[in-house]
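Open the model in your viewer and keep the selection panel at hand. Each stop below says what to select and what is there.

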Amino acid sequence: MTMKLKSALHYFSKKPGTLFLLDGLGAALTALSLFFVLRPYCNAIGMPVNILSCLSLIGLCYCAYSMSCYVLLKDRWTGFLRIIGFGNLLYCLLTMIFLTVYYKDLTPLGLIYFLGEILIILLLVYIELSVATLLRTRKGNF
């Protein structure tokens with residue numbers, strides 16, 4: 001594990017609320033990008049409008065969840081971190097399914113966007129689940 005990743009895990013294990021803020025802002029960026037930027041140019045990326053709208057709606061729901069956790073939670077972060085971590089994994093899986101189904105229609109730009117998004121989210125999932133594990137083992141916080 002790299003030193004920067006260890007440093008991030010240490011930071012977020014001390015301030016897990018910040019991890020929800022990061023996740024919420026990222027989900028908002030995803031939702032806005034998919035709906036307002038990529039949807040009007042769906043032909044340039046090759047993903048149908050209804051799929052972009054669906055993924056955008058999921059991003060909006062994840063944003064609401066993470067921001068609610070950021071604002072409302074004061075402790076007992078572990079379970080909530082696991083929920084958003086596994087939710088993000090499901091989002092990646094769903095995106096990969098759409099990439100497989102629409103692969104022949106995707107442009108290189110669309111493929112790069114979605115694969116990049118998946119990689120970023122998977123890094124976030126790793127951090128979320130690792131921090132949840134650290135918090136659970138450190139405090140018995142379920």
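Predicted model: local features only at pLDDT ≥ 70, side-chain atom pairs only at ≥ 80, totals over all residues.

**Stop 1: the core**

Start with the largest nonpolar core, which has 38 residues. Select Met47, Leu52, Leu81, Phe114 and Val131, the members with the most contacts inside it. Next, colour the helices. H1 (3–14), H2 (16–38) and H3 (42–45) each give two or more residues to this core. So do H4 (49–72), H5 (78–101) and H6 (108–139). Which helix gives the largest share? It is H6, with 10 residues.

**Stop 2: Met47**

Stay in the core and centre on Met47, one of the residues with the most contacts there. What does methionine 47 touch, leaving aside neighbours within four places in sequence? Select Cys42, Leu52, Phe98, Leu99, Tyr102, Leu106 and Phe114. Two of these names, Leu52 and Phe114, also belong to the group with the most core contacts.

**Stop 3: Asn88**

Move to helix H5 and pick asparagine 88. Is asparagine 88 buried or exposed? Its relative accessibility is 6%, so it counts as buried; the cut-off is under 20%. Show its surroundings. Beyond residues up to four places away in sequence, asparagine 88 touches Asp23, Tyr62, Ile121, Leu124, Val125 and Glu128.

**Stop 4: Arg76**

Follow the chain to the loop between H4 and H5, where arginine 76 lies. Check its backbone. Phi is near 55°, a positive value in a residue other than glycine. Relative accessibility is 47% for arginine 76, so this residue counts as partly exposed.

**Stop 5**

Now look at rings. The structure holds 5 aromatic pairs. Select one of them, phenylalanine 35 with phenylalanine 36. How far apart are the ring centres, and at what angle are the planes? The centres are 5.0 Å apart and the planes are at 80°, so the pair is edge-to-face. For that label the angle must be over 60 degrees.

Phenylalanine 35 is partly exposed, at 29% relative accessible area. Phenylalanine 36 has 55% relative accessibility and counts as exposed.

**Stop 6: Lys104 and Asp105**

How many salt bridges does the structure hold? The count is 1. Select lysine 104 and aspartate 105, whose closest N and O atoms are 3.9 Å apart. The cut-off for a salt bridge is 4 Å, so this pair qualifies. Lysine 104 is exposed, with a relative accessible area of 70%. Aspartate 105 is partly exposed, at 39%.

**Stop 7: the cysteines**

Finish with sulfur. A search of the whole structure finds 0 disulfides. Cysteine 54 is partly exposed, at 32% relative accessibility.

Then select cysteine 92. A disulfide needs sulfur atoms within 2.5 Å. Cysteine 92 has 0% relative accessibility, so it counts as buried.

Methods: Residues numbered from 1 in each chain as written. Heavy atoms only, no water. Core = buried A, V, L, I, M, F, W, Y, C linked by side-chain atoms within 4.5 Å. Buried < 20%, exposed > 50% of the residue type's maximum accessible area, 1.4 Å probe, protein only. Helix = DSSP H or I, 4+ residues; strand = E, 2+ residues; numbered from the N terminus. Contact = heavy atoms within 4.5 Å. Phe/Tyr/Trp six-rings, centres within 6.5 Å; stacked < 30°, edge-to-face > 60°. Salt bridge = Lys/Arg side-chain N within 4 Å of Asp/Glu carboxyl O.
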